[in-house]
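The following paragraphs go through a structure chain by chain. Please keep the sequence and the model in view while reading.

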Amino acid sequence: MFRLTLEKTLNHLINTNNIDTEGLNNKTIGLSVDEFNLKLLFMFTNSRVFVMEMHDQQNIDVDIKLNKTAFLSLFKGASFEELIESDEIDINGSVKTAQQLADLIALTSIDVEELVSHYTGDIIAHQLGKSIKLVKGKANNDKVSIVETLKNDLTTLLVAPSQSRFFNNKTH
Amino acid sequence: MGKTTHFGYQQVDVEKKQGLVKGVFDSVADNYDLMNDVMSMGTHRLWKNYTIASSNVTEGDKVLDIAGGTGDLAIKYRKKVGPSGQVILSDINSSMLEEGRKNLLDHGVIDVEFVQANAESLPFEDNTFDCVSIAFGLRNVTHKNIALEQMHRVLKKGGCLMVLEFSKVENEMLEKLYDFYSFNLIPKLGGLFADDEQSYQYLAESIRKHPDQETLKTMVLDAGFGLCEYHNLSGGIVAVHKAIKT
C-alpha cells in the first residue's frame, strides 16, 4: 500500500504541477532501505511513474541505497547534496538522475513516519488521508485535492493487500 | 477426443471450451451484476476500484477493457481518461456486450466503443494502448498464454496490464470457509437469484482451476512483460497482477 500511495502521490504531482520528468523518461531507478527491508523500483515512462517492488538482478539505470534516517529526511525535503556528503546515501549510476527523483520525492512531503507507525497491515482510508501532508512550495495548493484524490481512488483499503512487510516488526 | 483442457472440473476438448464458456455467460448475462453483488456481498466493486486505482491510467490514455462484460470498469476508466482519452470495451460474448451497452446507457456513458473480440486474437494494431485491463475474464480463456501475449502486443511500451482474477486464498482457515461457501452456497444462490445453479457451479470450479498468484506472474513475464507484481486482496480470494511492458 505504501508503494501505491507513493505512486499515486507522485503521479498526481507530475500531472497537476506540470513537473518536467523528461530527464527521467525511460529511466528505471532502484531505491532501497535495508533497515525497512524496503526495495522500491521507480520506472518513469509516458510522463508517469510506476512504483513497484525491486527484485535482485533487476536491470536498473540508477541504484540508490540509503539508511533509515536519510530515507525519512528525504520525505521531509532534506538537501540531497548534504545527504550525499554525509555518506548517508550510496548512489550507483547518474547522480543527476538520482537528484531528480529525490527532488520529486521531497515535493510529496508524505509523512512517512506516520505511515510507518500505522502500518501493521491493512489500514483505513482516513489514516491514509492524514498521512499525506503537502506543505511545501508549489504543491501547497494541492493539499486538499490530492487528499481527496487519494481518498476517492483508494476506497478499497479494507480489502487492500497486507504486503507492507518492510514495515512490520521493523520499526517498533 | 483430441487435446483436452479444463472446463471447471471437467476435461473437455480444447475446441469445445470456448463454446461451453459462451453458454455459461449467455445464461448468466441478464443477472450478472446482481449475482456479483450477491456472491461477493458487494466486495467485487471494491476489488475493481482497487484495480483501477492501481492502473495509473490518466487523462488522454487509451484503455482496452477485455472481457469487459457489463461495463462497470469501462465506466470508471472512461471517467479517468477524460474527453481526450479512449476506452474500448471488448468481450467475446455478444450477450455480455449487449448487457454492457445497456448498462453504460443507463449510466449516461455513450463514448465507450464496443468490440466483440476473442482475447486470443485481439483485432488491434501493435503498441496501441496505455492500459489493458481484464477483470474476472482470464480464467475463462482457453489459451491464457496466447491471450497474455496478445495483451503485450497491443500495449504501448511503458503501458500497463492489469489482471484482476480469483486466486489462491492465503489462510488455511479462510480457504476452508471459502470452499464451503463456493461449492455449497454459490450454486444455490445462482439457482435462487438467476435460476441457474449449474453455471455457478462452473464458476466455483473454474476458480480452483485457475493458476495461483506465482504461476500467473510467471505466465505474465513469459508473455514478454518486463515487470510484474501482484497484490492479494481479501486474503487472496482475488489477486491483482500489474505488469509493465518494458
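Predicted model: local features only at pLDDT ≥ 70, side-chain atom pairs only at ≥ 80, totals over all residues.

Residues are numbered from 1 along each chain as its sequence is written, and chains are lettered from A and ligands numbered from 1 in the order in which they are written.

Chain A contains seven helices and five strands; helices (H or I, at least four residues) and strands (E, at least two) are DSSP runs, numbered from the N terminus. Along the sequence their pattern is α-β-β-β-β-α-α-β-α-α-α-α. Of the contacts in chain A with a separation of 6 or more, 68% are between residues 24 or more positions apart, a contact being two residues whose C-beta atoms, placed from the backbone, lie within 7 Å.

The five strands form an open sheet with mixed pairing, in the order S3-S2-S1-S4-S5 (chain A); two strands pair if DSSP finds at least two bridges between them. At the edges are strand S3 (48-53) and strand S5 (89-92) of chain A, each of which pairs on one side only. From one strand to the next the twist averages 20°; axes are lines fitted to C-alpha atoms, for helices over the stretch in contact, and angles run from 0 to 180 degrees between N-to-C directions. Within the sheet, strand S1 (residues 28-33) of chain A pairs with strand S4 (residues 62-66) of chain A in the parallel sense, over four bridges. In this pair A:Leu31 stands opposite A:Ile64. Helix H1 (residues 2-16) of chain A lies across strand S2 (38-45) and S3 of chain A, and runs at about 170° to S3(A).

The loop between S1 and S2 of chain A holds A:Asn37. Most residues other than glycine have a negative phi. A:Asn37 is not a glycine, yet has a positive phi of about 50°. This residue is partly exposed because 13 other C-beta atoms lie within 10 Å.

Chain B has nine helices and nine strands. The C-alpha trace of chain B spans about 45 × 40 × 40 Å along its principal axes. Buried residues are 48% of the 246 in chain B.

How is strand S9 (residues 238-244) of chain B placed, buried or exposed? Seven of its seven residues are buried, so S9 of chain B is largely enclosed by the rest of the structure. In a regular strand the side chains alternate between the two faces of the sheet. From S9(B), B:Val238, B:Val240, B:Lys242 and B:Ile244 point one way, and B:Ala239, B:His241 and B:Ala243 the other way. S9(B) has antiparallel pairing over seven bridges with S7(B), and likewise over seven bridges with strand S8 (residues 227-233) of chain B. B:Cys160 stands opposite B:Ile244, and B:His231 stands opposite B:Val240. The hairpin of S8(B) and S9(B) has four residues between the strands, and there B:Ser234 takes a positive phi near 50°.

Two further loop residues in chain B can be compared. B:Ala67 lies in the loop between strand S3 (62-66) and helix H4 (72-81) of chain B, and counts as buried because it has 24 C-beta neighbours inside 10 Å. Beyond four places in sequence, B:Ala67 touches B:Asp91, B:Ala119, B:Ile134 and B:Gly137. B:Asn127, in the loop between strand S5 (113-116) and strand S6 (129-135) of chain B, counts as exposed because it has 12 C-beta neighbours inside 10 Å. B:Asn127 has a positive phi of about 55° although it is not a glycine.

The last topic is the nonpolar core, a set of buried Ala, Val, Leu, Ile, Met, Phe, Trp, Tyr and Cys residues joined through C-beta atoms within 7 Å. The largest has 107 residues, of which A:Phe42, A:Met43, B:Val132 and B:Leu161 touch the most other members. Strand S7 (residues 155-166) of chain B gives the most to this core, with seven residues. Leaving aside neighbours within four places in sequence, the contacts of A:Met43 include A:Val49 and A:Phe50 in chain A, and B:Leu227 and B:Ile244 in chain B.

Key: Buried ≥ 20, exposed ≤ 12 C-beta atoms within 10 Å, placed from the backbone.
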